[in-house]
Amino acid sequence: MTLFESLKKYTTVVADTGDIDAIAHHRPQDATTNPSLLYKAAQMPAYRHLVEEATDAASELGGTDTQMAEEFIDRLFVLFGSEILKVVPGRVSTEVAASLSFDTEATIAKARKLISLYEKKGVTRVRILIKIASTWEGIRPAELLEKEGIHCNLTLLFSFAQAVACAEAGVTLISPFVGRIYDWYKKEGAGKEIQPDQDPGVASVTRIYNYYKKYDYKTQVMGASFRNVNQIGGLAGCDLLTISPDLLDQLEKADGTLNRKLDPAKAKAIKEERLHLDEKTFRWMHNEDAMAVEKLSEGIRKFYADTCKLEQYVRETQLPRVLKQELAHQTT
């Protein structure tokens, strides 16, 4: 048995990439995308046809370059998501723009639009998870969207406060970032290696998982952002784990078995007081976690930066192509 096969006995494996060929190779249940992953995928020759289709759709809408660039990104995300769903049996996560992380109404509108675009392509909403940053202003629209049958994946989750608020809002799934938590604590320790049994990212997800199972929350936990196989093994038994192709390769090539680390039956025995967070309590509790404050802000900035790269990419390489085609058509 390989480590990959062993892991699948306890945990739903999700591919963390925009590379459709890599997803097809590993045959995961679900897949997740984000602006960073899709920016990389958009550069690949294999997916040029999706980039051009998104550009054509944006140019038909018209408007300013900014409006067309925004439309291009929405269309590109949905096109990639639709293709991914042809090779996975489950769901794909599609991200709301990071620039909307503190805009509740705009997040709701964007989520509804993305779902509408999917449905026009014949994809039912039960196969889509709308990814939203787990700010207070992101959790509130997720609560409303869930009631409309639009399922949400609350991402960039670093603090216990974020996890509690998401569970109370009834979101479908959360994505706590293991590797980025590890990175922060390693940097704080002057780069000193952290032993696997003391990994703070693994400890954070374990605490969240146990809390959810103890109090019977339906929200699923999907560990994300892994740096090594040890982190994955430390969370064997988590509801889902979203893993990069490189680490999936390592799991598939390594023989062995993984012992189950997270178990809902064992979670019932933990001693953790149940919390109910209003906005003030949430903000204070989150603010008390310096790592979470820093990594959430950094994550939003990074996703926004990659969205800007996508916008720049379409302006510089795709819109000129469309303009040339239009001019050629006008002269014939």
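Predicted model: local features only at pLDDT ≥ 70, side-chain atom pairs only at ≥ 80, totals over all residues.

1. Let's begin with the largest pocket, which has a volume of about 690 Å³. Its lining is made up of 30 residues, and Asp-16, Asn-34, Leu-37, Lys-40 and Ser-244 are the closest to the centre. With the classes above, the lining of this largest pocket divides into eleven nonpolar, ten polar and nine charged residues.

2. Which element gives the most to the lining of the largest pocket? That is α3, with four residues. At least two residues each are supplied by α3, β8 (240-243), α12 (245-253) and α15.

3. The second largest pocket holds about 300 Å³ of space. Of the 20 residues lining this second largest pocket, the closest to its centre are Glu-70, Ala-97, Ser-99, Leu-100 and Lys-110. By class, its lining has twelve nonpolar, three polar and five charged residues.

4. As for where the lining of the second largest pocket comes from, α5 gives the most, with five residues. The elements α5, α6 (104-120) and α15 each supply at least two residues.

5. How many cavities of 30 Å³ or more does the structure hold? There is one, and the largest cavity has a volume of about 60 Å³. Its lining consists of Glu-95, Val-96, Ala-97, Ala-98, Leu-100, Ser-101, Thr-107, Ile-132, Ala-133, Leu-156, Ile-300 and Phe-303. Two or more of these lining residues come from each of β4 (128-133) and α15 (290-331). Sorted by class, the cavity lining has nine nonpolar, two polar and one charged residues.

6. On helix packing, have a look at α8 (residues 160-169) and α14 (residues 279-287), which pack at an angle of about 150 degrees, with their axes 8 Å apart. Angles over 145 degrees count as roughly antiparallel, and α8 and α14 are therefore roughly antiparallel to each other. Phe-160, Ala-161, Gln-162 and Ala-165 of α8 make the contact with Phe-282, Met-285 and His-286 of α14. These contact residues divide into five nonpolar, two polar and no charged.

7. Finally, the aromatic rings. The count comes to eight aromatic pairs. One of them joins Tyr-47 and Phe-80 in an edge-to-face arrangement, 5.5 Å centre to centre and with 65 degrees between the planes. This pair links distant parts of the chain, 33 residues apart: Tyr-47 sits in the loop between α3 (35-42) and α4 (48-61), while Phe-80 belongs to helix α5 (residues 65-84). Both α3 and α5 figured above, α3 giving the most to the lining of the largest pocket and α5 giving the most to that of the second largest pocket.

Conventions: Residues numbered from 1 in each chain as written. Heavy atoms only, no water. Axes fitted to C-alpha atoms, helices over the stretch in contact; angles between N-to-C directions. Parallel < 35°, antiparallel > 145°, perpendicular 65-115°, else oblique. Contact = heavy atoms within 4.5 Å. Nonpolar A, V, L, I, M, F, W, Y, C, P; charged D, E, K, R; others polar. 1 Å grid on protein atoms, 1.4 Å probe; cavity = no way out; pocket = protein on both sides within 12 Å on 5 of 7 lines; lining within 4 Å. Points joined across faces, edges and corners; volume = space filled by probe spheres on them. Phe/Tyr/Trp six-rings, centres within 6.5 Å; stacked < 30°, edge-to-face > 60°.
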